[in-house]
Amino acid sequence: MLMLMKKNIKSAKAELLAILRSPVLKRLSAGDILVTVLFLLIASISINLFRMDLLRTITLQNVEPVGYVVVRENIVQRRFIDRVLWDRLATESPVYLGDLIRVAPFSAATLYIEGNSIDLDENTLIRITRAPDGETLEIMMNEGNLSLATTAESRRVSISIGERQVLPTARTILNVRYAETGIRVQVNEGAAQFIDLEEEQVREIYAGTLISFDPSGIELEEIAAVVMQHPAFNARFINAAHAPFSVDFLWNNVRLDSDRPLRLEIASDRSFDNIIYTHENLDTQTQIAVGNGLWYWRLFSGNNTIHEGRFTIIDGAGQQLQSPVANTVFTYTEGLPILNFQWDGVSGAVSYILEVCNTPNFLTPQIQRHSQATFFTDSSLGPGTWYWRVKPLFPIAYTGTPAFSQVSHFRIEQAVIAQPIRSYEAANILAQAQEQPIPPYEPANIVAQAQAQAQPARHRETANIVAPTQPAQQPAQSHAVAQPQPVAQVTILPPPQNLQPTSGHRYTMSDLQTQRRINFSWQPVSGANAYILTIYRQVAGYRQQIYRTLPLTRTSYFLEDLRILDRGAFTWQVEAVSRGADNSITRRGIAAESTFIMDIILPGTIQIEGTADLFLPAPQNLQPPRGHRFTMSDLQVQRNINFSWQPVHGANAYIFTLFRHTIDGRQQIYRTEPMMRTSYLFAELPLLDRGTFIWQIEGVNMGAGNVIMQHGNITESTFIMDIILPGTIQIETTGALYEN
């Protein structure tokens, strides 16, 4: 960029010389020449100032920040020292010595600098610098409302208000308000020194006290007020329960008339048009219980407002888990399945903790990951039942501990490819599946008869099948049928009826775009208290199990993970079972089955005859690895990102797609045409800003005329752009740190 600017400056100088030497110049008046030269001079000076500004920005990249933004609400801007342009700050943006920070109306921000928490209210302007001793952090306050909280580990800090300074001790919480009406300093906890540099006076301010000055600097001795000890002016609480949150209000009265009790009002808007609670006849404390959200409060003495503030209650009771859906069974044949964990985002959360364990107590989690996104992909889990949960993490400005979500579980099973079943084996297999072996003295056709009575007509050809261990042609068997013996009662539940979708139902792309799930339902079976749903893919002469639920306690099931389905025919079965008190299956039933067809063809694809495996395998070994973080130093060395992957068998081209992760989901920002290589050099860096991005790669088979003959399964990964471009403005809705 610097080289380009130097080139532009040289070009401007060359053009200026060409104009001066041009014969046209001889026909211009002196005034025209003067105006032209003046405008060219202004343009040259502007370009030079911009170049110097950019040089300061690049130099700043090597400067260590003193802190970062913890919470940002609406518009908060920063201007570097010796700069003209303003940046718009985002959460986790760094702040530097010399920064000028301003907070717009209806906005707020919390900074964490050298262990000190600094809360800035709307219409506040401060500068971050060092005191003359070179050690103390100095906050120079020009206007607004500032709250400061120090800890035992935080570095020493001072607040400068014109010719006055406030020096808090460790473990102190105080509030400073500087406006046209004067200065007000109150200490909620701990103590502070108030220094008048002009008068060279030092005084101590302790918890529960305040001092106030009018615009001319005269201290107001008779002011009637309260010092709020709890909550802080802009307190933020985490509600870890699904219930209203109790907030304690505690204050000290300063020269208030004891005969005039106080009134507290709570509203959901800053103008107090929608007052939710009113507490009358208060002395120095009260308690309220409110729901999650932003709340405004004010204290009245008579008709006069003597104190006001706001607080936020954030939902930390555990978010909803989206995928995998509870009770889902993932089936694989060779490689372990790829699982996509997804959950709802929580407002105010900066990251999440995902835990996956083979026991519901999570003593030794198999997966424990910290994620800034609301999704995580893994393929390391083997067969068994797995439990998972998620917990949001909030900035240090929030008080309280969030809770984990409700625990969900799923199961992974390795499928055995079934072989075609010969008809004479049906009765014996059915008896084994029902765990009810046929007694030697029992007529072998009892099971077949029960099945013939309950099964649809297409299965009744098994009614006369005799078990292989008792051939039908043996005389002894025929004699046994002629002379009945005591028969044990067959405890077989009948098959469910009225299966929906009906057999042969065809799903198209328009169906799935309207309703992104398939609803299976059936009628209840007498004697059953649970049902098991199984889905098979029809593959060249046999069935391949791809999905199986744990016992369901309802007569319907929504299949939401449609990624397990592709174009082709599928069979689904539902079996009624009876479970005991320990959830073990005591009686099984005859499975009823139906079929459906997935008639989904992605644009540009054709069906491959003889198989339902429409898609090519997913690419593997994606680089950069998942979660890789790119910084400014990375992009300064190499101004592009190299994506690569292993070749896919059957693919001769690949499609690269890039998404930006936003609070509203993923947003596609880039997609290539099919390219015949296993890497892609992405140089469109202006499309990227600070945040999380998802990239996908799909292998395809290209035919004549560049027509896609076969699509592939898509593999995706993520990367993080940890970049801040100084002198730029953040776009609120996308999290971008700059605009063109």
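About 90 Å³ of space lies in the largest cavity of this predicted model. A cavity here is a set of points, on a 1 Å grid over the protein atoms alone, where a 1.4 Å probe fits but cannot get out. The volume is the space filled by probe spheres set on those points, with grid points joined across faces, edges and corners. The structure has 2 cavities of 30 Å³ or more.

So what lines the largest one? Strands β9 (137-149), β12 (173-179), β13 (182-189) and β24 (304-315) each put in at least two lining residues, and β12 gives the most, with 4. Strands are DSSP runs of E, at least two residues long, numbered from the N terminus. By type, the lining splits into 7 nonpolar, 6 polar and 2 charged residues. Nonpolar covers Ala, Val, Leu, Ile, Met, Phe, Trp, Tyr, Cys and Pro, charged covers Asp, Glu, Lys and Arg, and the others, Gly among them, are polar.

Now for the rings. Phe, Tyr and Trp rings (the six-membered one for Trp) pair if their centres lie within 6.5 Å; planes under 30 degrees apart are stacked, over 60 edge-to-face, and the rest tilted. That rule gives 30 aromatic pairs. Take Trp343 and Tyr352: their ring centres are 6.0 Å apart and the planes meet at 65°, so this is an edge-to-face pair. Trp343 is buried at 2% relative accessibility, and Tyr352 is buried too, at 4%. Buried means under 20% relative accessible area, with a 1.4 Å probe and protein chains only.

Phe656 and Tyr670 are also edge-to-face, because their centres are 6.5 Å apart and their planes at 65°. Phe656 belongs to strand β43 (residues 653-662) and Tyr670 to strand β44 (residues 665-671), so the pair ties together parts 14 residues apart in sequence. Phe656 is buried, at 0%. Ring pairs also link both residues into a cluster with Phe630, Phe643, Tyr680, Phe682, Phe693, Trp695 and Phe719.

Some rings have a charge over them, meaning that NZ of Lys or CZ of Arg is within 6 Å of the ring centre and within 35 degrees of the ring normal. Arg298 lies over the face of Phe272, 4.0 Å from the ring centre, and Arg389 lies over Phe362 at 4.1 Å.

A note on reading all this: residues are numbered from 1 along each chain as its sequence is written, and side-chain values use heavy atoms, leaving out hydrogens and water. As the model is predicted, local features need pLDDT of at least 70 and side-chain atom pairs count only at pLDDT 80 or more, while totals for chains, interfaces and linings use all residues.

Key: Buried means under 20% relative accessible area, exposed over 50%, partly exposed in between (1.4 Å probe, protein chains only). On a 1 Å grid over the protein atoms alone, a cavity is a set of points where a 1.4 Å probe fits but cannot get out, and a pocket is an open set with protein on both sides within 12 Å along at least five of seven lines; lining residues have an atom within 4 Å of a point.
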